[in-house]
Amino acid sequence: MSAIADTPAAARPRRRKPIDGWRWAGRGFLVLMLLYTAVPMIWMLLTSIKSGFAAMQFPPQWWPSEPTLASYQKLLDPQNSVGQDFLRFFWNSLFVSSVTTVLSVAVAVPAAYAFSRFHFPGRRFLFFSVLLRNMFPAVIFLVPLFILMRFLGLVNTHGSLILTYMTFGLPLAIWLLKGFYDNIPIQLEQAARIDGATRFRAFLVIVMPLSMPGIIATAIYSFIGAWNEYIYAYTFLTRNDQLTLPVGIQRFFSENTTDFPGLMAASFMMSVPVVVLFLVLQRYFVRALTEGAVKH
Amino acid sequence: MTTVTGEAGAPRRTPAARSGVLRQAWINRTDYLYVLPALVVMLIVIAYPIYYTIDLSFFKTPPGLQLKDKVFIGLENYTAILTSEVFWRVTLNTIIWTLASTVVSFVFGLGSALALHRDFIGRGVLRAILIIPWVISAVAASYIWKWIYHSDFGVIGAVLVELGLLSRPPNFIDSVNTVLPSLIVVNVWREFPFAMIMLMAGLQTVPDQLLRAAQVDGASAWQRFWHVTFPHLRSVSTVTVLLLAVANFNSFIIPWIMTGGGPSNASHIWITHIYELAFGRQRWGVAAAYSVLLFIILMTLGYFYVRALSRGERKEAEG
Amino acid sequence: MAQVVLRDLVKTYGPIYAVDHVSIEIDDGEFVALVGPSGCGKTTTLNLVAGLIPLSGGDIYIGDRLVNDLDPKDRDIAMVFQNYALYPNKTVFKNLAFPLQMRRLPRADIEAKVLAAAKVLDITHLLERRPRELSGGQQQRVALGRALVRDPRAFLMDEPLSNLDAKLRVQMRSEIKRFHQDLRATVIYVTHDQLEAVTMADKMAVMSGGVLQQYDSPAEVFAHPKNTFVAGFVGSPAMSLIPLEAGTDAGAATLRSPDGWSLPLSPENARRVARATTAKVILGARHSTLKVHKSAVPGAVAGKVYTVEPTGDITFAQVYLGGHIVIVSLEPQVPIVPDEPVWVEFDQDKLHLFDGETQQALPRN
């Protein structure tokens, strides 16, 4: 470093140093990443507004010559059998994801709080065994869980999915929330308890509102995870009217292999709720990661 | 020079009998109530399946899930796996898939996070766009890319032909040689945003003062990155890489929907293979034995994972 | 307000005594400071009184009630925290109202009490703000206000001034003292700053290693520290402590330094030294009892000036007596420079003498 400082170049004003090279490299890289990220999504949208015939041309129509919303109309039309199925799948996904989210938060909040505040023996062991759940792939649990669900009478019910989804959302949820609680000064609760609140009341009135960003982030994470889940839904559900979107769409298009505009429209519709949800609430998510995961 | 400081300092130690673990557990008994719901759910959905899988791996099973008729065969399932050719093919695929996906996702994520760290007009919008693939369902992503890779009407092939680079569109996912790299491209597309978010969060913890001090000391942009920024990112990088590696090792949806493991096993990885053995060919015992092997590998990985995560934990426990 | 009694208080963490059989009696309306270096157990003691952590042993009485097993909310105490612990999502008004709400007071009463407390502390204009919009001093006032709105049996304060800058700290110090006098409140005040304890408290409890070292009025602690720890901790600059060897020089009792110099003792002090368990004795002297001479004087010890620190109305100097530094003070107009030879005279009536083995003060008669 000192060798550089001795050269006359270092004496010149900072602004004229060749930092610009890095800045331009960064911009160039971002442009490439933008293309990589956005082109497939744009192509999905462009295809979804073509007719089936227009989509199957070579060379392709780069821009649809006769844009049409026919595929979307078909998916959203309750009179049509395709629309009926799609709306049913959509509703099923919404139901399963919402219930999973509410239950996950209800279970994760007290657990994360306990891991953050209490120092009972075995606390660390329990914490890490909860985290270890994230290590294991769904496939390992598939057969035994299927048998377990059969035993509980939950096969072909949404209950089987909700119970399963809760467990894969919980570890990260607990981890994120614990980071949040670690950052809330314990004196706030102590003050509340001295001011006349019970321990539980102090948690409810003082700590909960402060951890709201963490809770929102946890909720988004659970919701998106449940909305997108495929394997368990694929295995536990066989009745057509129970299917969630990922499985429903897959079933449907394994029978209609060439309806690419329809497939792209369905993919788009399936992505809209989670993308909107995430974009609206993403600042909570990034904040939760910063406070929960990184600042350890 | 000597100074008398008085007897400040070390507190007395208690008689040993007062600090038994059980006694502590009893004193803190109400604390466990907070963790109980999470534990119960975890026990049902984790402990039982693990026990069940291990047990099943020692049996020969009839097709269908009529497991009453299973027959104990000891380690035969395991020897069958380790001597099969497919096993080694699939293992090699899994290693390539996991390594390549993890490394490329991390590098892309790091590059994007660094480039996005500096403020400029449109940064928020750009960041949001780059994150979208991570939020989209893997099923949707698989279909989007399957369409992009389509051997007759795929857009990439069309661009290559239009530019005159190829005479006819290539078979991205129908060819043994290109299928795995093509799927890795899709996987990275969905995963690098995760690395980007984690590392962006990590970058916020790098103290500005240190960077300014380094600048005053005459460090170049690269030196500042290498000596100041990167060491601060080390722990978040470790966690990110491990999470990516575990997620990639466990991927299922992308290969399953896009190729189903084909052509001729070229894109089968462990998880898809296990799934096919169990639910496709109904060889439950062999699939269970595979799962146990997988389990052992993951426990080894998990040891490092927990060690990486617990570094911060331990500090806190001492404080 | 009420009397607070701690009897044989014990708190253990695993195998460690954080609080080691501490007994303190605090009279109704008394201001007691718990003082000691960090980790000495003072905050733990306060948290035990508050009920924020469970007791391992001993009894706590607030008024005539045994409160060992009571929740904090039932102990009828108020507490001010070092980081103020203001509820960040509530306005100042709601922060002040919170303890009253928890006690289900009627809305009109709450408002009246909050406004009265705000008026006393001069924070009426801040009532609609949130804590993060306040300066440190303002936050401190709000924290005090939240303790004041009720009429608790005792106030507990945990280093309430240590987050303030030096000037504000002096100002708040006198305000808290005034507030104690006006209310005749029972106050337990934790601080690591011995100056705060000396200036504010009726009595101070000096702690170290979880053990109560001395519990007396500040004047008594200053004049008669019970052991070398208290002697070194209370007073600024600190008392100079020098390990010496008792002996005789031509029949007269003296203290000898291994560096060669020696100090003859008065008959009274010779009797005290004779009570030590061994010949090892620690000599203590505050700067105000040491006289500096520019030439040799009988009974004075020769030394060499090391550093000079003028403070304006008094000048401190560190002087090497052999291998040991003592701190002396001089009138600011006396010229003195580093490395200058000086002679230091000890005031025999004000010598502190400690047993070199037990570190305890050697009694006066």
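This is a predicted model: local features need pLDDT of at least 70, side-chain atom pairs count only at pLDDT 80 or more; totals for chains, interfaces and linings use all residues.
**Entry 1. Overall make-up**

I started with the secondary structure. Chain B has 13 helices and two strands, whereas chain C has nine helices and 20 strands. I then looked up burial in both chains. Of the 319 residues of chain B, 39% count as buried. In chain C, which has 365 residues, the buried share is 42%. I also noted the box around the C-alpha atoms of chain C, taken along the principal axes, as roughly 85 × 45 × 35 Å.

For contacts between residues at least 6 apart in sequence, I asked what share joins residues at least 24 apart. In chain B this share is 67%. In chain C it is 65%.

**Entry 2. Domains**

I looked up the domain assignment of chain C, which gives domain 1 as 4-233 and domain 2 as 240-355. Their C-alpha centres lie 40 Å apart. Five residues of domain 1 of chain C touch five residues of domain 2 of chain C. On the domain 1 side, I found two nonpolar, three polar and no charged residues.

Chain A is also assigned two domains, domain 1 (2-48) and domain 2 (70-294). Here four residues of domain 1 are in contact with seven residues of domain 2. The domain 1 side of this contact in chain A has two nonpolar, two polar and no charged residues.

I followed strand β1(C) (residues 4-13) into strand β2(C) (residues 16-26). The two run antiparallel and are joined by eight bridges. One pair I checked is L6(C), whose bridge partner in β2(C) is I24(C). The hairpin has two residues between the strands, and G14(C) takes a positive phi near 55° there.

Which strands make up the open sheet, and in what order? There are four, in the order β2-β1-β4-β5 (chain C), with antiparallel pairing. β2(C) and β5(C) (65-66) each have a single partner strand, so one side of each is left without a neighbour in the sheet. Strand β4(C) (residues 57-62) pairs with β5(C) over two bridges, in the antiparallel sense. Y61(C) stands opposite L66(C) in β5(C).

I then looked for what covers these strands. Helix α1(C) (residues 42-50) lies across β1, β2 and β4 of chain C, and runs at about 115° to β1(C).

**Entry 3. Strand β19 of chain C**

I went along strand β19(C) (residues 341-346) side chain by side chain. V342(C), V344(C) and F346(C) point to one face and are buried.

**Entry 4. M172 of chain C**

M172(C) lies in helix α5(C) (residues 166-183).

Leaving aside neighbours within four places in sequence, I found M172(C) in contact with G137(C), Q140(C), L161(C) and L164(C). I also checked M172(C) against E196(C), 24 residues along the chain; their C-alpha atoms are separated by 11 Å.

**Entry 5. Nonpolar core and a covered helix**

The largest nonpolar core has 262 residues. The residues with the most contacts inside this core are A108(A), I174(A), M79(C), I188(C) and Y189(C). Helix α8(B) (residues 179-203) gives the most to the core, with 16 residues.

I took A108(A) as one of these and listed its contacts beyond four places in sequence. In chain A they are L170(A), A173(A), I174(A), L177(A) and T218(A). A108(A) is also in contact with A38(B).

Last, I looked at helix α6(B) (residues 138-148), where 11 of its 11 residues are buried. Among them are W145(B), K146(B) and W147(B).

Methods. Residues are numbered from 1 along each chain as its sequence is written. Chains are lettered from A and ligands numbered from 1 in the order in which they are written. Domain bounds come from an automatic or database domain assignment. Two residues are in contact if their C-beta atoms, placed from the backbone, lie within 7 Å. Ala, Val, Leu, Ile, Met, Phe, Trp, Tyr, Cys and Pro count as nonpolar, Asp, Glu, Lys and Arg as charged, and the others, Gly among them, as polar. A residue is buried if 20 or more other C-beta atoms lie within 10 Å of its own, exposed if 12 or fewer, and partly exposed in between; C-beta atoms are placed from the backbone. Two strands pair if DSSP finds at least two bridges between them. Axes are lines fitted to C-alpha atoms, for helices over the stretch in contact, and angles run from 0 to 180 degrees between N-to-C directions. A nonpolar core is a set of buried Ala, Val, Leu, Ile, Met, Phe, Trp, Tyr and Cys residues joined through C-beta atoms within 7 Å.
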